[in-house]
Amino acid sequence: MKRDYIFTSESVSEGHPDKVSDRISDMVVDHFISKDPFARVACETLTTTNKVVLAGEVRGPVKDDKEEVIEKVRECIKDIGYEQEGFHWKNAEISYFLHEQSSDIAMGVDSGSNKEEGAGDQGIMFGYACKETDDLMPAPIYYSHKILELMAQGRKDGSLKGLEPDSKSQVSLKYVKGKPRAVTSVVISTQHQEGLSPKDIKELVTPILKKSIPAHLLEGLVDDEFYVNPTGNFVIGGPDGDTGLTGRKIIVDTYGGAAPHGGGAFSGKDPTKVDRSAAYAARYLAKNIVAADLCTECTIQLSYAIGVSKPLSIYVNTNGTNNIDEEKIEKIIPELMNLTPKGIREKLQLNKPIYEITSAYGHFGRKHDSQKGFFSWEALDLVEALKSLS
């Protein structure tokens, strides 16, 4: 039986400088995939005071599309909400250093008459699911995301006046015998307009907190453990206050530290990069395994070598919550899903411009939209096949 403990996860908003960079990088992926579903993209973005720098490799019309991409960068910044002196969508300086992909990388990844399409890099990827929330996500990261999503919604619809785009949240949950029982502390830091005090901000965000987390988990939260802008002032923020880079929020993007992470970021990468696609596949498999009631918690690890199509290993750990042998689950996984890069792309329909929406509030625990193809890895279409194992 699991012990009692407190676990904490954090999230950051779409206006956090690293997330601004993630969004721009994923916009670049979507831009080239929308023109060629098999485009190759690896884009890194740096954001700082009124400057954006794009760099990376693309197989596609990289030079011809420069002005179009730069205009889309401005659209991203505008949609996030930056119209500040230190970072403004209209007059930010945007530097474009995207260039053609290395032929050596292309040779290793491309399929041919004598080989299958290989992985775009070596590495290990993890997927995770548990029954702490309806979307089978760890509760601390799930609620941390929800707080910031609702704050952004209120900021954009005008119901939360005075807030600016850059914000963070942090939720600590007490677990009793391995199950979430009570929120012990919450931290919300949000950029705001000049003249608002921490007390003013707290009054604005308290209804958001209550809407984001089930009431029974908030019953024991005392006011002294609900921290809002604890530094006292947060007027200068976003890329003007802190330089942003693509791929620096990998724990925010995944499971909030409740599960392992292989180390590779997602944003800015096309789906031949298994850092992204295999992590999506691992989440898809873990979620379906938990939804099929084969266990209440599941971690899956996949490993790959650059230029090699099939995974080198498949590992399953249910942390003792399994109803059937873990080895049996491991053996059925390759029968349920082709885990080559091509197989993952085809099963999850990843050769679509679906990535910009993933760049904030987590890549997992989101709503699958079968019409638009968003978050296909959250679908539960393997459940019936998995139930036959029990």
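## The largest cavity

In this predicted model, strand β7 provides the largest share of the lining of the largest cavity, namely three residues. Strand β7 (123-130) and helix α9 (274-291) each contribute at least two residues to that lining. The volume of the largest cavity is about 80 Å³, and among the 13 residues that line this cavity, Met125, Phe126, His261, Gly262 and Ala279 are the closest to its centre. By class, the lining of the largest cavity comprises seven nonpolar residues, five polar residues and one charged residue.

## The second largest cavity

The structure holds two cavities of 30 Å³ or more, and the second largest cavity has a volume of about 50 Å³. Its lining includes Leu148, Met151, Ala152 and Arg155, together with Leu163, Glu164, Pro165 and Ser167, and also Tyr361. Helix α4 and strand β8 each supply at least two residues of this lining, which divides into six nonpolar, three polar and two charged residues.

## The largest pocket

The largest pocket has a volume of about 460 Å³ and is lined by 19 residues, with Glu149, Ile357, Ala360, Tyr361 and Arg366 lying nearest its centre. Helix α4 (residues 139-157) gives the most to the lining of this pocket, with five residues. The lining of the largest pocket is made up of ten charged, six nonpolar and three polar residues.

## Strand β8 and its partners

Strand β8 (residues 163-176) is largely enclosed by the rest of the structure, because ten of its 14 residues are buried. Strand β1 (residues 5-12) pairs with β8 in the antiparallel sense over eight bridges, and within this part of the structure Thr8 stands opposite Ser172 of β8.

Strand β9 (residues 179-192) also pairs with β8 in the antiparallel sense, here over eleven bridges, and Leu173 has Val183 in β9 as its bridge partner. The hairpin of β8 and β9 has two residues between the strands, and in this hairpin Lys177 takes a positive phi near 55 degrees.

Asp253 is found in helix α8 (residues 250-253), and it counts as buried because its relative accessibility is 2%, against a cut-off of under 20% for buried residues. The side chain of Asp253 makes a polar contact, at 2.5 Å, with the side chain of Lys19. Leaving aside neighbours within four places in sequence, Asp253 is in contact with Lys19, Asp22, Phe266, Gly362, His363 and Phe364.

Methods: Residues numbered from 1 in each chain as written. Predicted model: local features only at pLDDT ≥ 70, side-chain atom pairs only at ≥ 80, totals over all residues. Heavy atoms only, no water. 1 Å grid on protein atoms, 1.4 Å probe; cavity = no way out; pocket = protein on both sides within 12 Å on 5 of 7 lines; lining within 4 Å. Points joined across faces, edges and corners; volume = space filled by probe spheres on them. Helix = DSSP H or I, 4+ residues; strand = E, 2+ residues; numbered from the N terminus. Nonpolar A, V, L, I, M, F, W, Y, C, P; charged D, E, K, R; others polar. Buried < 20%, exposed > 50% of the residue type's maximum accessible area, 1.4 Å probe, protein only. Pairing = 2+ DSSP bridges. Polar contact = N/O pair within 3.5 Å; in protein donor to acceptor, adjacent residues only side chain to side chain. Contact = heavy atoms within 4.5 Å.
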